Amino acid sequence: MTPLADEFQAPGLGLFEWPPIISGVEWFNKPALLALVAALLAIVLMYAAFARPKLVPRGMQNAGEMVYDFTKEQIARPFLGKDSDRWMPLIFSLFLFILLGNLFGSVIFLQYPFMANIGYPAILAIGVWLLVTFLGMKHNGAWGYFKGIMFPPGLPGWIYVLVAPIELISTFLLRHITHCIRLFATMMAGHLIISLFSEAGWHFLFTNLTPLGAPVGVVAVIMTILLTAFELFIQALQAYVFALLTAMFINDALHPAH
Amino acid sequence: MSVVAEVTGNLGSIGYGLAAIGPGVGIGIIFGQGVQAIARQPEAYGLIRQNMILGFVFAEALALIGVALAFAFQG
């Protein structure tokens with residue numbers, strides 16, 4: 001079967017490859033620009049909220065306190081308990097940065113969650129990995145840290161032959177790799193699906209309008225709207241989850257199960 | 001020899017379909033049990049929801065790795 005000239009082409013990985021904005025500066029493409037904007041926006045928003053804190057919060061401070069309170073009560077406190085104040089700056093920054101970055105996927109004209117390029121979540125996950133390993137070794141000693149991972153107490157002796165390598169790989173490496181892949185893949189898949197439906201809508205309703213194709217186009221446009229709403233939820237959820245798991249890993253490093 | 005039936009497209013999508021089975025079952029169990037737990041003990045809603053999301057996230061990771069690998073191993 002030869003493909004027709006006006007056949008619908010589904011969008012592929014080309015969606016995630018961006019040319020540099022200024023020719024010659026290779027690294028400076030749209031995701032890099034959005035990452036910078038997200039970081040600056042987080043700083044500006046928090047400055048506007050907390051530069052001159054008042055006892056009775058108004059306007060921006062109210063909103064800022066809501067987000068901070070949510071992060072503290074829902075993300076940090078359940079895992080870190082009384083240590084949560086100490087780690088709030090890290091967890092709050094991660095949450096806000098990822099939330100803003102993800103929501104860029106649904107902001108018109110920006111419409112690109114830069115976490116869909118693996119470098120951005122990877123660097124965050126590597127940072128968390130280094131921090132957690134350092135903390136674990138500092139609090140339990142190098143051997144104590146690996147012993148806590150590999151030999152969880154309370155199991156019959158022979159089973160450690162199986163448990164030790166599995167736990168070592170899973171705790172030391174895999175959970176941090178999935179920490180990164182989770183954020184990356186949800187953002188990538190979400191962007192891909194929304195592009196697929198919006199491109200199908202464009203193709204069947206504008207560039208190639210046929211009586212048979214038009215209903216498909218209408219369905220595609222409706223799906224685009226519905227999935228954008230769903231993506232908003234997923235984007236917020238992934239930011240929450242990334243911060244939540246960071247808190248959990250930090251707690252695991254500080255207080256290993258014993 | 002004439003070809004009777006031909007399959008075109010990417011094997012990655014089949015791989016993703018297979019990868020989604022396990023997490024699909026797992027997420028169903030997690031949220032089913034979670035809703036049941038909330039119905040039994042509505043006052044523990046916050047705690048249950050938190051652990052539900054945590055379990056959901058671990059199960060979901062497998063499906064997401066499936067998405068990523070479908071693209072990574074694309075010939």
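Q: Let's start with helix α5 of chain A, residues 142–150. Which of its residues are buried?
A: This is a predicted model, and in it Tyr145(A), Gly148(A) and Ile149(A) are the buried residues of α5. To read a helix like this, look down its axis and see where the buried positions point. Here they fall within an arc of 100°, so they line one face of α5(A).

Q: And what does that face pack against?
A: The buried residues of α5(A) pack against α4 and α6 of chain A.

Q: How many helices and strands does chain A have in total?
A: Seven helices and zero strands. Along the sequence, the pattern reads α-α-α-α-α-α-α. The radius of gyration of chain A is 23 Å, well over the 18 Å that the globule rule gives for 258 residues, so chain A is more spread out than a compact globule. On its principal axes, the C-alpha trace spans about 70 × 60 × 40 Å.

Q: What share of chain A counts as buried?
A: Of its 258 residues, 30% do. Contacts are worth a look too: take those in chain A between residues at least 6 apart in sequence, and 63% of them join residues at least 24 apart.

Q: How should I read a nonpolar core?
A: The general idea first: in soluble globular proteins, nonpolar side chains tend to be buried together. As for this model, the largest nonpolar core has 51 residues, and those with the most contacts inside it are Ile91(A), Phe95(A), Phe184(A), Ala243(A) and Ala247(A).

Q: Which elements give two or more residues to that core?
A: From chain A, they are α1 (30–50), α2 (60–80), α3 (84–103), α4 (119–140), α6 (160–207) and α7 (213–254).

Q: Can we zoom in on one residue? What is Ala247(A) in contact with, beyond its sequence neighbours?
A: Setting aside neighbours within four places in sequence, Ala247(A) is in contact with Ile75(A), Ala76(A), Phe79(A), Leu80(A), Trp87(A) and Ile91(A).

Q: Leu80(A) is on that list. Is Leu80(A) buried or exposed?
A: The way to decide is to count the C-beta atoms around the residue, with 20 or more within 10 Å making it buried. Leu80(A) has 21 others within 10 Å, so it is buried. This leucine sits in helix α2 of chain A. For a sense of distance, Leu80(A) and Ile193(A) are 113 residues apart in sequence and 36 Å apart in space, C-alpha to C-alpha.

Q: On to chain B. What is it made of?
A: Two helices and zero strands. The radius of gyration of chain B is 19 Å, well over the 11 Å from the globule rule for 75 residues, so chain B is more spread out than a compact globule. Its C-alpha trace spans about 70 × 25 × 10 Å along the principal axes. Of the 75 residues in chain B, 16% count as buried. Residues 24 or more positions apart make up 80% of the chain B contacts with a separation of 6 or more.

Q: How many residues does each chain bring to the contact between them?
A: Nine come from chain B and nine from chain A. The chain B side has eight nonpolar residues, one polar residue and no charged ones.

Q: What scores does the predictor give the complex?
A: An ipTM of 0.80 and a pTM of 0.88. Chain B averages a pLDDT of 87, and 97% of its residues score at least 70.

How values were computed:
Residues are numbered from 1 along each chain as its sequence is written. Chains are lettered from A and ligands numbered from 1 in the order in which they are written. A nonpolar core is a set of buried Ala, Val, Leu, Ile, Met, Phe, Trp, Tyr and Cys residues joined through C-beta atoms within 7 Å. A residue is buried if 20 or more other C-beta atoms lie within 10 Å of its own, exposed if 12 or fewer, and partly exposed in between; C-beta atoms are placed from the backbone. Helices (H or I, at least four residues) and strands (E, at least two) are DSSP runs, numbered from the N terminus. Two residues are in contact if their C-beta atoms, placed from the backbone, lie within 7 Å. Ala, Val, Leu, Ile, Met, Phe, Trp, Tyr, Cys and Pro count as nonpolar, Asp, Glu, Lys and Arg as charged, and the others, Gly among them, as polar. The radius of gyration is taken over C-alpha atoms; the globule rule is 2.2 Å times the number of residues to the power 0.38. pLDDT is the predictor's confidence in each residue, from 0 to 100. The arc is that of the directions from the helix axis to the C-beta atoms.
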